[in-house]
Amino acid sequence: MKKKFKFVFQDSLATSLIYFLLIVLGLIMIPYASFSRLNAIRVIKLYCRLVFLILKVFLKIKLDIRGFIPENELAIVCSKHQSFLDVLMLLYILPQPRFVMKSELNRIPIFSFYAKKIGCFSVQRDNKRDALTAIIETIKKEQQETNGQLVIYPEGTRTLPGETVEYKKGIEILFSRLKRPLFLVSTNSGLIWPQRDAFKYSGITSMHFIKKIEYNSKRSDFMAEIRKTIEDDSLRLYNLEKSRN
């Protein structure tokens with residue numbers, strides 16, 4: 001009972017610190033972040049480092065990020081999405097990230113300020129017509145960019161570890177129109193920071209940049225290929241972490 005109480009206390013304290021930091025650090029650094037996108041990115045990466053430190057100290061959560069990570073280049077990152085933690089990992093590891101994100105996040109004051117500052121795009125995922133319009137606008141704006149990595153979650157929402165859903169067509173449209181290198185990413189973050197659980201759990205959160213795909217107009221099995229690649233490797237990471245416990 002004492003061990004369980006200690007775990008609950010540590011988890012609650014870690015969670016409180018994470019959201020306290022989001023509010024306090026986010027507010028304090030707004031003047032600095034307002035000057036440029038690069039400044040906003042620096043603030044976000046500082047926040048991510050502090051969150052990772054909190055997770056390590058209080059909950060013994062470690063990160064393992066490896067693979068074909070984009071450098072300072074224009075690229076599209078197509079990633080499995082299971083948790084807020086994998087968002088933080090991508091924000092931290094990518095040089096200049098910006099996300100295609102759900103429109104509901106625009107209602108969060110501090111979060112939305114930084115998201116807009118680094119160039120994120122919002123999509124109303126439950127409305128196909130609005131989602132398509134948002135993708136077209138994203139393409140128009142992205143064509144004016146000279147650097148940075150555009151992150152899209154092909155499932156359109158978080159999924160549970162081991163769960164698979166159909167991928168949205170947005171990633172195929174972006175890839176075919178922008179013709180940028182595409183990086184496929186898997187993760188098992190939902191095991192450590194579950195989306196439908198009150199607690200976080202000790203362990204290793206893995207993120208794997210599986211491979212880089214160059215645009216090829218003759219590619220006919222694009223959606224099937226990226227879905228199988230990401231899902232198979234996410235399942236591998238899931239089983240790897242489960243075997244450690």
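With 245 residues, this protein chain would have a radius of gyration near 18 Å if it were a compact globule, and its 18 Å agrees with that. The radius is taken over C-alpha atoms, and the globule rule is 2.2 Å times the number of residues to the power 0.38. Along its principal axes, the C-alpha trace spans about 60 × 45 × 35 Å.

Before going on, a word on what you're looking at. This is a predicted model, where local features need pLDDT of at least 70, side-chain atom pairs count only at pLDDT 80 or more, and totals for chains, interfaces and linings use all residues. Residues are numbered from 1 along each chain as its sequence is written, and side-chain values use heavy atoms, with hydrogens and water left out.

The seven strands make an open sheet with mixed pairing, in the order S1-S7-S6-S2-S5-S3-S4. Two strands count as paired if DSSP finds at least two bridges between them. At the edges sit strand S1 (61-67) and strand S4 (121-123), each pairing on one side only.

Zoom in on one pairing: strand S3 (residues 97-102) and strand S5 (residues 149-152) run in the parallel sense over three bridges. Here Arg 98 stands opposite Leu 150 in S5.

What lies across the sheet? Helix H3 (residues 37-59) lies across S1 and S3, at about 130° to S1. Helix H4 (residues 84-93) lies across several strands, including S2 (75-79) and S7 (203-213), and runs at about 55° to S7. Contact here means heavy atoms within 4.5 Å. Axes are lines fitted to C-alpha atoms, for helices over the stretch in contact, and angles run from 0 to 180 degrees between N-to-C directions.

Next, the charges. The model has 16 salt bridges, each a side-chain nitrogen of Lys or Arg within 4 Å of a carboxyl oxygen of Asp or Glu. One of them joins Lys 212 and Glu 73, with the closest N and O atoms 3.7 Å apart. Lys 212 lies in strand S7 and Glu 73 in the loop between S1 and S2, so this pair ties together parts 139 residues apart in sequence.

Technical notes. Helices (H or I, at least four residues) and strands (E, at least two) are DSSP runs, numbered from the N terminus.
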